Amino acid sequence: MLTLLHTLANSAGLFKNAGPASPQARNASVQINRALQNVNLIRKTIATENLDDAREQAAFRHLDLLLDQLSVNSVATLSYAQVDAVATTLVSASFSSDSIATLINSIRASTPDNAKDQDDDSASVTSSEGPSSAVTVVDELDHLSLSHWAKAGIANVTGSALAPQVLKMSTRSNAASAILGAVSSPSQNNAVTALASSAAIVNMVPNLYQIAHAATPVVFHVSAESVDSDLNTLRGDYSDVLVARETGLLFIASSTVQEAYDVSILSHAIASGTNQSLIHILDGVRTSQQVEAIQTRQKTVLGHDEGSLVSGIEDIFERASQLLGREYKAFEYSGPQDAETIVVVFGPAANVAKNLGDKVGVLNIRVYRPWSFAHFLKAVPRTAKTVIVVEPVSASSAPGAVFLDVSASFNVWTGPHRPTVIDAKYGHHGASLSQGWLKALVQKALTTSGVLDLSTEDIKQAIFWETVASTPVSAHVAKHLNILGNRIQHSSTINSYRHSAVIETQLKYSKSRATNIGEFAIADYASVQDVSILTEYNVINSLKTGAKLLLNTPWSVDELEVKTSAAFRHALGAKQIQVLLVDFDGISKDLGLGGSGKTLLGQVAFLKINSSSLHEAAFEKVSLQYETSNNKLLKELVVALVERVDKEIIEVPQNPNWLAIELGEADQAALALPTHVHPTIRGISNAFDVARVPIEVEAESGADGDAVALGKTFNWHEAAWQLLFSEAYETKNALSDEDHSYLVTLTENRRLTPSTYDRNVFHLEFDTTNTGLKYELGDALGIHGWNDTQEVLDFIEFYGAKPETVVVTPRPVPKNSPEGALPRYQTNTLLQILQQTSDLFGRPSKRFYADLIPYATNAAEKERLTFLISPEGAEEFKARVDETLTHADILREFPSAHPSVPQLINMIPAIKPRHYSIASSMKAHPNSVHLLIVAVEWTAPSGKERFGQCTRYLTQIGAGAKVTVSIKPSVMKLPPLPHQPVIMAGLGTGMAPFRAFIQERAWQKAQGMEVGPMILYFGSRNRSNEYLYGEELEAYHADGLLTHLRLAFSRDQREKVYIQHKMQEDGHLLHKYMLDKSLSGHFYLCGPTWPAGDVKDAIVQSFMDGEGCAVVDANRIVNKLKEDERYILEVY
């Protein structure tokens, strides 16, 4: 849409004539996009802070005030750390309106000097050089774009030094009142431009009548678009904007990027030349997704006209044609003069209505209001017998607006026969509009299959099928072709509701400047980056006969025969497609290529297959696209890639048996797969949503006979209503257990043991700022871990379900809820539930096997399930437990036992949080919590590698990840008095709580308190690999805080040395610190269970020696210490 906005703003007189475009002018769109990204990051961070409604609204209000006083460049140059700091400041409880000035000064101070020069916050947007004009916009992106361009002083199309005032307006009932006020003012002699969506025009209609009556040049540039009833597909529907057709405003339409530029200029020329207000309609779906280099002009086409209004408009068109190099008329006819069928088009259909058949002409409506019978009939051949009106409005039983005007015109027709007028509406089918569709309509043969090849020899067409996870090649190919002197047009469409979104990019390019590129038809070449796309889309249907199809896959020719559908191979044979196989991923891995390298590899493959002057022209300019300090090395890499592609690419020979394949019902379904990706609305979050909605749920009997409420599955748009109308549904985004859990941010994930060591012990730090999380010494942090994403997706595919399926599950009513409280429900996608909530890869109990039996439809499977839970099957069941088989394993083993999704979710228990002792003191780290964890890995009896669910999750996440946590209290507390001795014995990760103890005592010492002695007995395998926090401990010991540091590395010498051996050496010290009444020390042991007995024996022996008592008495002393909570064990 930025391309269109730049075009419209240019024609509206937004940019000063400042000679060559300045750097800031060239980079305007880039800076605006960066600013928007930073704004969205700040908003997202605020939204995830779990603030109460009042504080959240205050934070957003302060953000708006902040943005009102900052330039685009100031926002665009914020670093990630600064963005996070801004969000943190805004959500602070102490933040107020008075703090905004301080924050603004801080941001401005950090803005680079060159950015300040490019966009000074106090720069004026008015000029004395010529007339000024006001631009009204109704969208945040448009507002940022136009404000930045106005300040940047980019050249105006007329050469005038115009710098308008840009006003952001909202759309509601009686919108455009400000515009009406401006044009009604006696002192107002300025032109006014408005950028708006077609939906906004509906609210403006009452004021549009008065604006038209004022006879003042106002131009509305309107993006025509709408959305289907399922909130799923955008379409170029003109229904809303045509509501204003009777207001008296002129209507002019454009259907391509170039036309948007030309017609926007003409719109202002017509408005000024005729003193009339005007609506310029653009296709808001197709044109906004196209990127095309356009030809611009720096001369004016303004002038006064005589005669009728439409004649005056055509006079302006005629004068403009000499400057623009393109001819426009009120009604533009193309085709034979003896045509019998006339296709009347308005809007985007004009771009595809070409070569529709013999004696078929096309009449494009450029000026829709005022409607001129005379000019329309003059353009229609007298031989016309049938007129088909193709208009971009939603299908309904009522005649279309354009159809009514066309029909009325033929009331004064003077030809030999009055033509039959047919109304054809395509608002619902705008995304799939093509020459083939129009030709089928003209021929009244809607069942015709295939796509008509209407491309010319001068125009090449390619399709790139990619996913968000694959290497993005298409954009670099388009840029490269442009560098080589081609005119290019490319547009991308994304299906964002697939777990790895599919992106279809259509690319057209031509060396000829005279050929009209027009709408995309069918391609000479297609590239598929992920072969799974072949099961979801009919990629062959959009290819020419004899086209080339490149598949990124490690398949051989034989594997292609086995792994693709019969329908796919039949289509290859029918169109004689040349299939090429190449393993980009394998080549990249062999050569060690990263992101840019993989992109370059895909670019090389495209040029190798499609360029006739590969080495002479193509690769000499590759370096222009990549930032490198070593062009020689880049050229060598390109040569190496060309040679590798030559070597690796496999040309699949045509198989005559493909055409002989007999297609069954399943194959017919494969042929009916969509040919193109249909655009979807993005931005509906899959976050946890808790809503109070009146939903009917199923129920089944539980083990105790009580009814168990089940969830219910929905399409995503049904759940979207809960987000769109959150107040009515009382919807809120929340954690699953919002009362006892917190969302913290991972800031550090650092491995402590060497990467070559077989045990991965790692240190984690989480930011707890503004989360409300508080913890005490010795507490444990519960991590709510996730299942592996890819394993979950694989299971969902096996189960025949879809990841995006929305599941609404009932939540228990809180015990303290008032009587009559309505139930609450939790809304998630199926992927979320199986990834974040259900213990899908946990070990099943016998109850799970028993629950599966009623669902098993296979008799043998039912019998085996029954056996496994019987006494006779006990031994085998134990073997399954030892093997650590999971719920997913059992469901795969017994595929006929297939409960519904809600039933399955009810059967699988929830993932339990894993608790880890906190390794930090909150006094020392008030906004952070630390953990010390060892990754759990083992080998099952079958030899299969197994991993702990939670530690696997933690090892895979990086800084910035949001993690759900909870707090579990512990009995491990420091002595009540700082001077009391602390004796700590920790093995391996049992060191965690003692690090917190030491940090707490260090903080107490820093506050001037007198702290007592601390002894640490630390044990692990060896010093070189497992001396956890060794440098910290040595520093504390050198400082004197850690008075005694006793290390026991069991494998660093021939004899095994454990912590109990070190304790035996300190018998006198232990006795003194523990039993001297003036000291009253505390002893703690944390770690595995096995040394607990030996450690106790060492303590008992020290008491026997120190007290001169028998072993029985020494044990009594230990038991008394336990009762007094001075001898504390935390073992596992």
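**Backbone, core and helix packing**

N770 is partly exposed, with a relative accessible area of 29%, where partly exposed lies between buried (under 20% relative accessible area) and exposed (over 50%), taken with a 1.4 Å probe and protein chains only. This is a predicted model, in which local features need pLDDT of at least 70 and side-chain atom pairs count only at pLDDT 80 or more, while totals for chains, interfaces and linings use all residues. Residues are numbered from 1 along each chain as its sequence is written, and side-chain values use heavy atoms, with hydrogens and water left out.

- Most residues other than glycine have a negative phi, and most peptide bonds are trans.
- N770, although not a glycine, has a positive phi of about 60°, and it lies in the loop between strand 29 (761-767) and strand 30 (780-783); helices (H or I, at least four residues) and strands (E, at least two) are DSSP runs numbered from the N terminus.
- Y1029, also a residue other than glycine, has a positive phi near 55°; Y1029 sits in the loop between helix 37 (1023-1026) and helix 38, and is buried, with a relative accessible area of 7%.
- The peptide bond from R369 to P370 is cis, with omega near 0°, and P370 belongs to the loop between strand 13 (367-369) and helix 15 (373-379).

**Helix 36 against helix 38**

- Helix 36 (residues 992-1006) packs on helix 38 (residues 1030-1039) at an angle of about 35°, their axes being 12 Å apart; axes are lines fitted to C-alpha atoms, for helices over the stretch in contact, and angles run from 0 to 180 degrees between N-to-C directions.
- From helix 36, R995, I998, Q999, A1002 and K1005 meet E1032, L1033, Y1036 and D1039 of helix 38, contact meaning heavy atoms within 4.5 Å.

**Nonpolar core**

- The largest nonpolar core has 73 residues, of which F220, F376 and V406 touch the most other members; such a core is a set of buried Ala, Val, Leu, Ile, Met, Phe, Trp, Tyr and Cys residues joined through side-chain atoms within 4.5 Å.
- Leaving aside residues up to four places away in sequence, V406 touches V344, W371, F376, V387, V389 and V421.

**Whole chain**

- The protein chain has 42 helices and 42 strands, and buried residues make up 51% of its 1132 residues.
- Among contacts in the protein chain with a separation of 6 or more, 76% are between residues 24 or more positions apart.
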